[in-house]
Amino acid sequence: MLPVVDQDGARTFRQITLTAIALIAASLLPSLFGLTGVLYFFGALVVSTGLLQVCLWAASSKSNVRAKWLMHATVLHIPLLLG
């Protein structure tokens with residue numbers, strides 16, 4: 001719904017970035033509670049930080065091409081995180 005009311009995309013990409021930051025915290029929670037090991041912690045940190053980098057890269061230009069890259073990155077995030 002946001003792209004319809006947000007013509008320049010600033011609110012949309014701000015929400016995308018904030019959600020990616022929250023996703024970093026959520027993906028690290030299992031390690032912080034002792035449910036996973038050190039390997040998962042650093043893997044989750046690298047993969048989630050990579051997703052945040054793609055979000056920031058897409059937000060810097062706000063083009064359709066970068067939005068497609070962002071979509072592909074979000075699709076790859078969960079399999080890489082669980083792998």
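Two residues are said to be in contact when heavy atoms lie within 4.5 Å. In the predicted model examined here, residues 24 or more positions apart account for 49% of those contacts in the chain that have a separation of 6 or more. The secondary structure consists of four helices and zero strands, so that the pattern read along the sequence is α-α-α-α. Taken along the principal axes, the box filled by the C-alpha atoms is roughly 45 × 20 × 20 Å.

Of the 83 residues in the chain, 27% are buried. Between Leu32 and Met71, which are 39 residues apart in sequence, the C-alpha to C-alpha distance is 28 Å.

The count of aromatic pairs comes to two. In one of them, Phe41 and Phe42 are arranged edge-to-face, with 5.2 Å from centre to centre and 85° between the planes. Phe41 is partly exposed at a relative accessible area of 23%, and Phe42 is likewise partly exposed, at 48%. Trp57 and Trp69 also form an edge-to-face pair, for which the centre-to-centre distance is 6.4 Å and the angle between the planes is 85°. Trp57 is partly exposed, with a relative accessible area of 37%, whereas Trp69 is exposed, with a value of 53%.

How values were computed:
Residues are numbered from 1 along each chain as its sequence is written. This is a predicted model: local features need pLDDT of at least 70, side-chain atom pairs count only at pLDDT 80 or more; totals for chains, interfaces and linings use all residues. Side-chain values use heavy atoms; hydrogens and water are left out. Helices (H or I, at least four residues) and strands (E, at least two) are DSSP runs, numbered from the N terminus. Buried means under 20% relative accessible area, exposed over 50%, partly exposed in between (1.4 Å probe, protein chains only). Rings of Phe, Tyr and Trp (its six-membered ring) pair if their centres lie within 6.5 Å; planes under 30 degrees apart count as stacked, over 60 as edge-to-face and the rest as tilted.
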